[in-house]
Amino acid sequence: MPLLGVPLCFLLSCVVFAVSGFQRVTLTPEPGTTVNISGEAAGSSCKVCSGARRSCDKSLLLKGDTPVTMEFTCPRPEDEFMVEIIRDIECTTKACIGDITQTDSGVDPWWDFHRRFTWNLKDSGPKSIQVDFSKTGLRQIPPSETCPDMHTYTFKAFQATGTAVLGKYCRAGPISSGQIQNKGSFSLDVPPGLRVQSDQFAVSVGEEIKSLAKITVRLPHGQSSSEVLSPNFPGSFPDDDVMEWYFEVTDINRVAIEFLDLTEPHCLKKETAAEYHSKGRLALVTALTDPQPVQIRGEFSLILRNCETDRRRADSQGLSLKLKVTSSRASSPVLCTVDMRKTKHLSVHLERLKSASDCEMKINSATREQITVPPGTVSLLSFQDCLPQDVNVIASGVIACNQLKDCPKFPVPLTVPSLPDCLPSPLSAVTWALRPPPHGTVELGSSTSPLRQSLPGRSCDDSVITLTEDDGTAVGRFCPRGAIEKVQIHSNVSVTVAGVGGKALIQSGKSLLTASLKEDIAERYIFTVSPKREEPLLLGTPGWPAGMESYATVSWIVRLPPKMEAHLSFVNLSQPKCANRHTNIRVQRFDSLEEDYSRREDEAADDVSVSESFYLNMSNCMPERGEFKVIAEITVQKDQLLIIIVSVVAALVLLFIVVLVVVCFVIKKKKKKLEHQVSIYNPNGSAFQPRRNGFPKTREDNESHVYASIEDTLVYTHLLRKGAEMGIYNESDTYQSFPGGADSQPSQDDGEMETGVYRAYPSSSERAPPLPNRPPSHSYALVDNVIYQGRSSSDESPAKMGARLEPEGGN
């Protein structure tokens, strides 16, 4: 058996032969190992001899790596001798060199001997030496008992006052570790003819302790009872010393302590006592004969104190006791009724996660590690000391049909079931297995909450929907609240809805998807999406971040809102080297026979804009190396051509409005400048002003002689003069003013006509009244903006205006 890697019999060579009724053995011990061969039977005459001089004795101690030949003086030395193999383990202030490793080397000569393997422990620092038994656990037994597997362990502590046997132990028990001060030993006894079981105990530097030793006891979950013994039991506990047991127990248990087989010493100094220490509570000190606590909850330490005993008295037996620890549940069972009659396709499964936990689950009064409540049934469950982390609750169901005519006629809602709050843990996941008929299709849709893919930078917030094919191929991970309205998959599919990061589902009672089992589709995957305006939509190939399967195809049906345009770019594209066929990315508008875009793996991909709803198709080849995976981004915005047309029309309309406003403003300004009031002579004797009630009509409907204003762009005096010079007008064409009868009318003198006065042209049968005599100061020259030119006062009879001729040069 190796001790720290050393073989059990510590031999490089081992020769056994019989000579004249006694046995001779030649062996070589390993370096650092001591072999002690000592006689066990009292009164035996058998001896062991060694050396060239054949020195014989009742025992033989072997050290070093020099071969030694031994001879036994009796025919059956295995009945007379015991072989002890000793190894030292030293610890510094930080670490210990080596562990306790037990194994059988398989050397035949030593199997017939009683073997003891001893590890001496030595610590050079103030801290303790700790041996870890948590891998198998140990159980303390009285010295008179033997272990069922015949492997008996002994733990000792060496003190200045002597050796204290901390206990005798068997495998498989509640003791998880032991600590001692300064020096000690740990040994294993194996009877003759028994192979050593392989095992290992870690040795390390422990905490600083103030007692002889500290034994850690980890109480099992639920109802249990354990016993530990005082050191040297049934002998006396070391005088004036302290022993500590540390009990690890959960808060949901309560512990009762009882002292059995108690013997008390006669004390010279101090008193024996038991002290109980726990976190957050005051220490409790009791006499050994008093009742001990029976309602201790949580971890605690029990310290046993001995006094200085009176050894002079014959009846003084010292201190010894058996300590019994009983652990029981502190809580009562919780009853819970689970009703699955409303969930036609789902079952509920409960699984106990930790075998070492205190949780106890029962269904119909039977304890189970796993519980299933089938659909359409009601079950009464019981839970005791079950924490949320102890139980996993999931739901699962199957929706299947063998022929298309037998499939559900309407979409089946995939609803997260509502479970009672009395369950120890909320629902963590629900899975539907969707099984269409041969050559059928699974169609998943959602009219209330479309899906989106969980891609880099777009992870799910509260729940994640995982789609997986029966062969384990991942279709993808999806989240609610997206743009994917429909998913069609040409195979059996499992749909799992779970909380993000292991959290509980919060959509209990809600239908996230609907499932339909329909006829065959041409593609392996078809996604129908309706992107929203100004919200970039990411589309990843199935199974992202893994590549698509060989020869797999996928199509996206992209529906755009009216008068919108989609900008398609490939933000993440990985192309393989193809061994057969090619990868292909195609874009084709609805109702179009021509492709708008097509690229293979050996062609560079670029962005494309599509002005109508379109298909986005991708297909994989048979890759030689690499993989085909794509993330495409679709951004929807207004149609750019429509925007240009609308912008041009708007600009023209705006320009027309501006021109119209300018023209109106100019005309209005000119009218304000030219529209001035003029006096009018009325031959009928009635005076009026223009711009009030209009011009009175004293003639027939011909009003060509009436002027509201005179436009200077039409008639100019200088042109009339020029026309007279050119012979266009004769003298009779000049309009002669005539005297009026009203005093208010200005007069004309020296042949000059009044300015600013229009006079109606008299008919041939009428004669204007004679012009009154006026002083010279009352004569005015005709201004340029008057169409008529006055004659001299000597002309007493006015002439009729001739027909107007257009002068040269325009009007």
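C49 is buried, at a relative accessible area of 1%. Buried means under 20% relative accessible area, exposed means over 50%, and partly exposed lies in between (1.4 Å probe, protein chains only). Its disulfide partner is C56, which is partly exposed at 30%. This is a predicted model: local features need pLDDT of at least 70, side-chain atom pairs count only at pLDDT 80 or more, and totals for chains, interfaces and linings use all residues. Residues are numbered from 1 along each chain as its sequence is written, and side-chain values use heavy atoms, with hydrogens and water left out.

**Disulfides**

- The structure holds 10 disulfides. A disulfide is a pair of cysteine sulfur atoms within 2.5 Å.
- C49 and C56 are joined with an S to S distance of 1.7 Å. The torsion about their S-S bond is about 105°, so this disulfide is right-handed.
- C46 is joined to C74, S to S 1.8 Å. Here the S-S torsion is about -65°, so the disulfide is left-handed. C46 sits in the loop between β3 (33-39) and β4 (48-50), and C74 in the loop between β7 (68-72) and β8 (81-91), so the pair ties together parts 28 residues apart in sequence. Both cysteines, C46 and C74, are buried.
- C267 is joined to C307, S to S 1.9 Å. The torsion about this S-S bond is about -80°, so the disulfide is left-handed. C267 lies in strand β22 (residues 267-269) and C307 in the loop between β26 (300-305) and β27 (308-309), so the pair ties together parts 40 residues apart in sequence.
- C267 counts as partly exposed at 28% relative accessibility. C307 counts as buried at 0%.

**Open sheet**

- Helices (H or I, at least four residues) and strands (E, at least two) are DSSP runs, numbered from the N terminus. Two strands pair if DSSP finds at least two bridges between them.
- An open sheet is formed by 4 strands in the order β19-β28-β21-β25, with antiparallel pairing. Its edge strands are β19 (224-229) and β25 (296-297), each pairing on one side only.
- β21 (residues 253-263) pairs with β25 in the antiparallel sense over 2 bridges. R254 stands opposite R297 in β25.

**Strand β53 and its partners**

- Strand β53 spans residues 614-619 and is mostly covered, with 5 of its 6 residues buried.
- β47 (residues 553-558) pairs with β53 in the antiparallel sense over 6 bridges. V554 stands opposite M618 in β53.
- β50 (residues 584-589) is joined to β53 by 6 bridges, and the two run antiparallel. N584 stands opposite S619 in β53.
- In a regular strand the side chains alternate between the two faces of the sheet.

**Two alanines in strands**

- A566 lies in strand β48 (residues 564-574). A566 is buried, with a relative accessible area of 0%.
- Contact means heavy atoms within 4.5 Å. Not counting residues up to four places away in sequence, A566 touches L560, V608, S609, V610, F614, I634, T635 and V636.
- The C-alpha atoms of A566 and R533 are separated by 9.2 Å, and the two residues are 33 residues apart along the chain.
- A366 lies in strand β32 (residues 366-368). A366 counts as partly exposed at 23% relative accessibility.
- The C-alpha atoms of A366 and L381 are separated by 9.3 Å, and the two residues are 15 residues apart along the chain.
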